[in-house]
Amino acid sequence: MRLLITIIFCLTIPTTVFASLTSQLYTGDAVTVPAGRVQAQSYYNSSFGGPQRVAGGSFTFGATKSLDAKMGYGYLWNNVGPDVRLGPNLGVKWRFVGDGLREPSVAISSLYAINEGVGGKSHKNDFGSLFIVQYPVMPVILLANLGHVWVGDDNASDLRYISFAAGRIFSTHKLAALEYSQLTRLDRPSALNTNQLTAAFVYSPKESLNYSAQIGYLWPNRNTHFNLTLGVSLYL
């Protein structure tokens with residue numbers, strides 16, 4: 001679940017549709033919100049048979065053609081432990097190679113979680129940074145991420161995150177993708193890797209709006225093996 005929480009928050013079709021569809025994947029893309037526009041996103045994640053549910057949202061503001069800024073908030077409900085307040089959080093994404101669309105592109109994104117709280121008690125803030133590579137092989141888009149999370153809690157380990165995705169646009173309104181991700185606790189990297197394989201589908205009924213559904217299988221995991229994430233994205 002931490003994989004979704006911390007790093008979240010990276011073809012031959014029209015530009016705005018491409019950007020809207022890929023932004024709904026777990027794996028970050030190199031697309032940035034156009035200057036002067038705003039993207040509003042919300043999500044809900046629930047595990048099958050597991051103890052946790054997560055919901056949140058964000059607003060991303062386009063600053064330049066290659067830079068945007070994000071404000072977000074999330075909350076985790078836990079049936080077997082304390083609830084977790086995730087934020088508010090602030091982030092930026094900067095694309096420094098390519099156009100984020102038809103050309104191979106590279107970007108860096110960062111997220112800073114402010115005043116997180118566990119069970120009603122605040123703890124030190126977390127900071128995550130993600131290196132993103134995006135490579136179009138028409139009509140497929142390939143994505144790769146490498147991230148690091150500096151955990152503010154002195155009793156918790158930092159995290160390393162890797163992710164790969166292959167997405168295909170089947171029309172100007174539909175995208176399907178397969179994703180693989182791994183989250184590693186750096187104090188015990190050989191023992192506590194969490195892997196996830198995800199199938200994603202994104203539907204865009206019009207240029208400014210899309211809906212997404214992602215189902216993931218996690219291993220090894222004592223509490224749950226499947227989780228579902230539903231999302232909505234709107235360009236303003």
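The following legends describe close-up views of a predicted model.

**View 1. Confidence of the predicted chain.** The protein chain has an average pLDDT (the predictor's confidence in each residue, from 0 to 100) of 82, and 82% of the residues score at least 70. Local features need pLDDT of at least 70 and side-chain atom pairs count only at pLDDT 80 or more, while totals for chains, interfaces and linings use all residues. Residues are numbered from 1 along each chain as its sequence is written, and side-chain values use heavy atoms, without hydrogens and water.

**View 2. Antiparallel pairing around strand β13.** Strands are DSSP runs (E, at least two residues) numbered from the N terminus, and two of them pair if DSSP finds at least two bridges between them. Strand β12 (residues 193-206) runs antiparallel to β13, with 10 bridges joining them; a hairpin of two residues connects β12 to β13. Valine 202 has serine 212 in β13 as its bridge partner. Nine bridges pair β13 with strand β14 (residues 226-235), also in the antiparallel sense, and serine 233 in β14 is the bridge partner of asparagine 210.

**View 3. The ring pair of tyrosine 180 and tryptophan 219.** Six aromatic pairs are found in the whole structure. Rings of Phe, Tyr and Trp (its six-membered ring) pair if their centres lie within 6.5 Å; planes under 30 degrees apart count as stacked, over 60 as edge-to-face and the rest as tilted. The ring centres of tyrosine 180 and tryptophan 219 are 6.3 Å apart with planes at 40°, so this pair is tilted. Because tyrosine 180 lies in strand β11 (residues 174-185) and tryptophan 219 in strand β13 (residues 209-219), the pair ties together parts 39 residues apart in sequence. Ring pairs link Tyr180, Tyr217, Trp219 and Phe226 into a cluster.

Terms used. Helix = DSSP H or I, 4+ residues; strand = E, 2+ residues; numbered from the N terminus.
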